[in-house]
Amino acid sequence: MTLSGKVSVLVAGSWGTALASVLADNGRDVLLWTRNEQQAREINETRRNRRFLGDIELSARMTATTSLQEAVQGAEAVVLVVPSAGMREVAAAMRPHLGKDTLVIHATKGFEAGSLTRMTDVIAGELPDYDPKRIVVLSGPSHAEEVIRRCPTTVVVAAQELSAAEAAQDLFMNGYFRVYTNPDVAGVEVGGALKNIIALGAGLSDGLGFGDNAKAALLTRGLAEIARLGAAMGANPPTFAGLAGIGDLIVTCTSRHSRNWRAGYMLAQGDPLERVLEQMGMVVEGVKTTKAAYELSRRYGVEMPITDELHSVLFAGKRPKDAVGDLMGRVRTHEIEEVADTGATKWLE
């Protein structure tokens, strides 16, 4: 599948605008959809999206619109970069305008609250006439603030149908934005979503002044939690050793670009959650994802102690230092775990 011509990105946040910039650099005419008329005028008249990306100049190939019909109709590819809470609404709204051969890609890291559904399943549910095997997810270690400046970045795209993943790969790949393919849609989505929880924890740890030893332990044991729940949800465990797993985990837990890290750091300073979210001014997916993962761990019978403690800090008023103390005081256990049906290392009897 070879794509050319108009591509649309929904919506005009930091990551959506950065991906639109990659597409524009690749010679695509990009329509960037936003509900905000003032934002659309700013992009079209000043070539800026200052709220999200400061004074970075945007390509003349990028045009903003407030019309979803204009954005979707006739597009050869639609890239959904919608907060998880709004994915179902936007997918349903674009259904009447979507061509059957349009490539659908999403780059949202989270689960739907309540239903605990992955984003590809949310999209598929709202597009009953569209082949779900062709829905592509894009994920990996990629801060918008660096992509928009054309810093070298590597991501992964996953779809059940190889040709769809390869079409997305061809659409985005260039000299500074390298794209790999992966058939494990569940693993790529779960890894991208759950790393935000660990990033909150990393921000808390740094805010409490616990140092590098603590952060290394948090990332390592956090990855074990991600792999446990991911395997229970049908993911292929090796995916978590790749870009959508450890790659995204490292960049999100160690960079001040990370919204989730910043939110955790602010919480460690004693700011209440409501104030933190208000000051951030942008969606912090890790907060809702912590709640979703807490519920998923109980649905699947998976032990996730870091997630449990963060859930208590976020939603039950637990002091961060007390959460760390309870984690460190857990009953002794093995590091290497058996993951059913994967051939993973286990203790010899």
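These are my notebook entries on a few residues I looked up in this structure.

**Entry 1: the model**

I am working from a predicted model.

**Entry 2: Lys195**

I began with the UniProt record, an unreviewed entry, which puts the feature "active site" at Lys195. I then asked where lysine 195 is found. Lysine 195 belongs to helix α9, which runs over residues 185–207.

Is lysine 195 buried or exposed? Its relative accessible area is 5%, and buried means under 20%, so I wrote down lysine 195 as buried.

I listed what lysine 195 touches, leaving out residues up to four places away in sequence. The list holds Lys109, Ile226, Asp248, Leu249 and Thr252. I also looked up a polar contact of lysine 195: its side chain pairs with the side chain of asparagine 196 at 2.7 Å.

**Entry 3: the listed binding site**

For "binding site", the unreviewed UniProt entry gives Lys109, Arg259 and Asn260. These residues span 152 residues in sequence, but no two of their C-alpha atoms are more than 12.7 Å apart, so I noted that they gather at one spot. Lys109, Arg259 and Asn260 are also included in the lining of the largest pocket.

**Entry 4: Lys109**

Lysine 109 sits in the loop between β5 (103–106) and α6 (119–126). Its relative accessibility is 15%, so lysine 109 counts as buried.

Which residues does lysine 109 touch, not counting residues up to four places away in sequence? I found Ser139, Gly140, Ser142, Gly192, Ala193, Lys195, Asn196, Asp248, Glu285 and Thr289.

**Entry 5: Arg259**

Arginine 259 is in helix α12, residues 259–268. I read a relative accessibility of 24% for arginine 259, so this residue counts as partly exposed.

Setting aside residues up to four places away in sequence, arginine 259 touches Ser14, Met280, Met282, Val283 and Val284. With serine 14 there is a polar contact, side chain to side chain, at 2.7 Å.

**Entry 6: Asn182**

Next I looked up asparagine 182, which is found in strand β8 (residues 177–182). The relative accessible area of asparagine 182 is 18%, so I recorded it as buried.

What does the side chain of asparagine 182 reach at 2.7 Å? I found the backbone nitrogen of aspartate 184. Apart from neighbours within four places in sequence, asparagine 182 is in contact with Val156, Val157, Ala158, Ala159, Val188 and Thr239.

**Entry 7: Leu80**

At 0% relative accessibility, leucine 80 counts as buried.

I left aside its neighbours within four places in sequence and wrote down the contacts of leucine 80. They are Leu10, Met87, Val90, Met94, Val104, Ile105, His106, Ala107, Thr108 and Ile123.

I also checked how far leucine 80 is from valine 157. The two are 77 residues apart in sequence and 13 Å apart in space, C-alpha to C-alpha. Val157 is also among the contacts of asparagine 182.

Terms used: Residues are numbered from 1 along each chain as its sequence is written. This is a predicted model: local features need pLDDT of at least 70, side-chain atom pairs count only at pLDDT 80 or more; totals for chains, interfaces and linings use all residues. Side-chain values use heavy atoms; hydrogens and water are left out. UniProt positions are given in the numbering used here, feature names are shortened, and annotations may be inferred rather than shown by experiment. Helices (H or I, at least four residues) and strands (E, at least two) are DSSP runs, numbered from the N terminus. Buried means under 20% relative accessible area, exposed over 50%, partly exposed in between (1.4 Å probe, protein chains only). Contact means heavy atoms within 4.5 Å. A polar contact is a pair of N or O atoms within 3.5 Å; within protein, one must be able to donate a hydrogen and the other to accept it, and residues adjacent in sequence count only if both atoms are side-chain atoms. On a 1 Å grid over the protein atoms alone, a cavity is a set of points where a 1.4 Å probe fits but cannot get out, and a pocket is an open set with protein on both sides within 12 Å along at least five of seven lines; lining residues have an atom within 4 Å of a point.
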